[in-house]
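This briefing covers helix packing, ligand contacts and backbone geometry. Please read it alongside the sequence and the coordinates.

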Amino acid sequence: MKLLEERIRKDGILKEGNVLKVDNFLNHQMDIELFNEMGKEWKKLFADKNINKVLTIEASGIGIACIVAQYFNVPVVFAKKAQSINIDGEVYSTKIESFTHKKVYDVIVSKKYIGPEDHVLIIDDFLANGCALQGLIQLVEDAGATVEGIGIAIEKGFQQGGKIIRNKGIKLESLAIVDGMNPETGEIIFRKQKQS
Ligand code: 5GP
């Protein structure tokens, strides 16, 4: 998506350790006009899917997911990160290793909010090694629900997550795919995709 790529070039900050900071429009301050355009784009890309729920993970997925969900007229559920949990039978749970914080979280979703009748669009801000997405997919599968697709704002294509998810046969639509970035020169290389 051209608009997102342009914004990453303008405001993205490249950090050591393959981290792209986009606090100016996505992860701290949020540009809702941009989120709206992203929502419209995913609505087009998933037009053939019958989606009745959006699932994301706290915290930074929530803002995007809420805007996106308006285009599908469906509720948003966000998976919660818990430091330690008593699994009491009321929740589905999985473990996710955070790429940015290098920490393993228990992640839960209440059984009340996801079940076999659900056709889920998973939304998140970044895709790196795919740990977060694999955890979310696991939660959906444990609930007997169906993953209809995954929408990612920024995929770091030089990390393995995209390949892992696409190999599962799941429809994954990343609005910008960064295939290379150099923190010394500030250069960012985007994968060529069908652009809108
Ligand atoms: P994964 O589980 O795919 O390795 O990482 C995905 C999660 O890590 C995302 O939900 C995002 O919060 C965070 N993340 C991974 N890479 C980056 C990055 O380069 N920049 C930012 N801001 N977050 C990232």
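The notes below begin with the basis of the model and then go topic by topic.

This is a predicted model, in which local features need pLDDT of at least 70, side-chain atom pairs count only at pLDDT 80 or more, and totals for chains, interfaces and linings use all residues. Residues are numbered from 1 along each chain as its sequence is written, and side-chain values use heavy atoms, with hydrogens and water left out.

**Helix packing**

- Helices (H or I, at least four residues) and strands (E, at least two) are DSSP runs, numbered from the N terminus.
- Helix 3 (residues 32–45) and helix 4 (residues 60–72) have axes that come within 8 Å and cross at roughly 50°; axes are lines fitted to C-alpha atoms, for helices over the stretch in contact, and angles run from 0 to 180 degrees between N-to-C directions.
- That angle makes helix 3 oblique to helix 4, where under 35 degrees counts as roughly parallel, over 145 as roughly antiparallel, 65 to 115 as roughly perpendicular and the rest as oblique.
- Contact (heavy atoms within 4.5 Å) involves, among others, Ile-32, Phe-35 and Trp-42 of helix 3 and Ile-64, Ile-67 and Tyr-71 of helix 4.
- The residues of this contact divide into 9 nonpolar, 3 polar and 2 charged; Ala, Val, Leu, Ile, Met, Phe, Trp, Tyr, Cys and Pro count as nonpolar, Asp, Glu, Lys and Arg as charged, and the others, Gly among them, as polar.
- The axes of helix 1 (residues 2–11) and helix 3 cross at roughly 145° and come within 10 Å.
- Here Leu-3, Leu-4 and Arg-7 of helix 1 meet Leu-34, Glu-37 and Met-38 of helix 3, a set with 4 nonpolar, no polar and 2 charged residues.

**Ligand surroundings**

- Leu-20, Asn-129, Gly-130, Ala-132 and Lys-156 come nearest among the 16 residues around the ligand, each having a heavy atom within 4 Å of it.
- A nitrogen atom of the ligand lies 2.7 Å from a backbone N or O atom of Leu-20.
- An N or O atom in the side chain of Asp-125 is 3.2 Å from an oxygen atom of the ligand.
- For Cys-131, a backbone N or O atom lies 3.1 Å from an oxygen atom of the ligand.

**Backbone geometry**

- The Glu-58 to Ala-59 peptide bond is cis, with omega near 0°, and Ala-59 lies in the loop between strand 3 (53–57) and helix 4.
- Asn-18 is not a glycine, yet has a positive phi of about 65°; Asn-18 is in the loop between strand 1 (13–15) and strand 2 (19–21).

Notes. Polar contact = N/O pair within 3.5 Å; in protein donor to acceptor, adjacent residues only side chain to side chain.
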